[in-house]
Amino acid sequence: SYTVRFPAPPDEAFRAAANHLLQYTGTALGQLAAEQAKLQEGAKQLAREKAQLAAENAALREEVLTFRKSDAAAPKAPPAVRAMVPPGFDAGRAAAPSAERFRLKVSKQLHQAPVHSVAMDLNKHPNKRVATAAWDGTVNIYDLEKGDVVKTLGGPNSYNKMDGLYAVAYAKTEPGIIGCTSRDTNIYIWNTETGQPLNKLSGHKNEVNGVDFHTTQMVMCTASDDMSVIIWDFKEGMTLRELTGHEAEVYGCKFLGNEHEYYVASCSFDRKVRIWDMRDKNIVKTLKGVHTRDIIGIDYWSDNRMLATGSDDGRIALWDARMSWTLNRVYNAPEDSEVKRVAFSPEGLLAAACSTGDVLVYDVKHDTAGDSKPWAKLSGHTDCVFDVAWGTSPETSAPILVSASHDKTIRYWEGVKGAFK
């Protein structure tokens with residue numbers, strides 16, 4: 001406390017002002033004390049929540065460790081499937097035996113080098129043409145009805161010469177336009193009707209492995225050994241975004257349908273899948289802990305919000321977007337089989353290209369038990385099958401499947417109509 005001495009007694013006005021000041025100060029100090037009490041209580045609440053989260057985190061770490069230990073003990077055992085089946089999944093499909101579900105229509109050599117990729121034309125010539133990309137630096141447009149190549153893009157005599165190609169895809173908003181990726185670090189845009197090159201996109205610093213086109217926008221994504229995904233305006237040839245965060249080569253990328261129109265998923269040799277929001281380049285989700293080797297294949301089934309990834313570890317993982325991208329199930333390819341690219345059909349069949357020269361087909365829509373046994377096994381290639389593409393037969397409405405192999409050939413399969421009910 002302090003004593004204030006005045007040379008003369010203060011007058012009434014001064015006394016009134018002093019009393020008012022003291023009352024105001026007391027009120028202010030009281031309010032500050034109340035606010036301080038609230039802050040202290042808030043800090044205590046945060047501390048309690050932090051302790052609770054720490055306990056939950058510890059429990060989750062214990063669960064992860066338990067999962068990894070059990071996974072290591074039985075690396076080929078698929079995890080149990082949840083009892084609840086997501087909406088849109090049916091049970092109990094009755095079908096013909098595996099050998100009778102697809103019929104081989106064509107086996108043909110289209111290139112002079114391993115074929116790395118195949119894509120079905122679903123717009124300009126729906127379900128009637130495919131594009132194949134090979135290590136010889138060419139893309140062939142093959143007419144399934146005519147049984148012949150109708151256009152060859154690139155090649156040694158082309159003024160737009162391309163090096164070895166890893167992937168090809170059709171634009172979804174521009175019929176007849178394709179993009180293909182090369183080990184020369186570039187992406188090439190072609191008009192398949194005229195055979196003319198439209199653009200050469202440069203931006204990656206290493207080999208470019210994967211490509212996909214957006215469903216409604218003039219946008220394309222590409223994946224590269226430089227550990228990045230680039231989002232392009234393929235019409236203008238402009239880089240829109242560069243997504244970085246993977247710790248190894250990125251092999252595949254995929255837009256996630258109209259329901260996630262700003263999301264793109266990527267898979268990498270770092271054994272992780274990342275889901276990005278391309279508006280702000282943020283990582284929405286990282287999917288990990290399942291694959292133990294390079295992840296090569298990635299595809300998205302929009303009807304049932306399901307993401308599939310395929311890996312050299314022989315596993316195919318399904319991630320459920322409706323359940324915050326949680327693991328839905330794992331299919332295990334036969335022993336010593338590496339899974340390369342994967343692709344969903346509109347009906348919910350999942351095809352996996354395998355290093356053994358086989359294509360494995362899983363009936364994801366009707367499989368509620370998580371059965372790891374393939375619904376169909378398509379054999380005949382003499383080297384690694386690297387890519388697969390689905391279509392629908394214009395005559396029978398049955399699924400059609402085209403496989404691309406390092407044996408330099410494609411194989412064209414058509415579903416037996418009675419096997420698909």
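**Loops, a strand and a pocket**

Start at S397, which is exposed, with a relative accessible area of 54%. Exposed means over 50% relative accessible area, buried means under 20%, and partly exposed is in between, with a 1.4 Å probe and protein chains only. Before going on, the ground rules: this is a predicted model, where local features need pLDDT of at least 70 and side-chain atom pairs count only at pLDDT 80 or more, while totals for chains, interfaces and linings use all residues. Residues are numbered from 1 along each chain as its sequence is written, and side-chain values use heavy atoms, with hydrogens and water left out.

Back to S397. It sits in the loop between β26 and β27. Helices (H or I, at least four residues) and strands (E, at least two) are DSSP runs, numbered from the N terminus. The phi of S397 is near 65°, a positive value in a residue other than glycine.

K408 also has a positive phi, near 80°, and is not a glycine. Look for K408 in the loop between β27 and β28, the latter spanning 409-415. K408 is partly exposed, at 31% relative accessible area.

Now into strand β27, residues 399-405, and to S403. Is S403 buried or exposed? Buried, with a relative accessible area of 0%. The side chain of S403 makes a polar contact of 2.8 Å with the side chain of H381. A polar contact is a pair of N or O atoms within 3.5 Å; within protein, one must be able to donate a hydrogen and the other to accept it, and residues adjacent in sequence count only if both atoms are side-chain atoms. Leaving out residues up to four places away in sequence, S403 touches V359, H381, V385, D387, V388, T409, I410, R411 and W413. Contact here means heavy atoms within 4.5 Å.

Next, C384. This cysteine is in the loop between β25 (376-378) and β26. C384 counts as buried, at 7% relative accessibility. Its C-alpha is 8.8 Å from that of A404, 20 residues apart along the chain. Beyond four places in sequence, C384 touches residues including C354, A404 and H406.

Over to T194, in the loop between β8 (186-191) and β9 (196-202). T194 is partly exposed, with a relative accessible area of 47%. A polar atom of the T194 side chain lies 3.2 Å from the backbone nitrogen of Q196.

Now the largest pocket. How much space lies in it? About 1100 Å³. Of the 46 lining residues, K172, D212, K254, D299 and F344 are the closest to its centre. On a 1 Å grid over the protein atoms alone, a pocket is an open set of points where a 1.4 Å probe fits, with protein on both sides within 12 Å along at least five of seven lines; lining residues have an atom within 4 Å of a point. Grid points are joined across faces, edges and corners, and the volume is the space filled by probe spheres set on the points. Strands that each supply at least two lining residues include β2 (115-120), β14 (250-256) and β26 (385-392).

Last, the whole chain. It has one helix and 28 strands. Of its 421 residues, 48% are buried.
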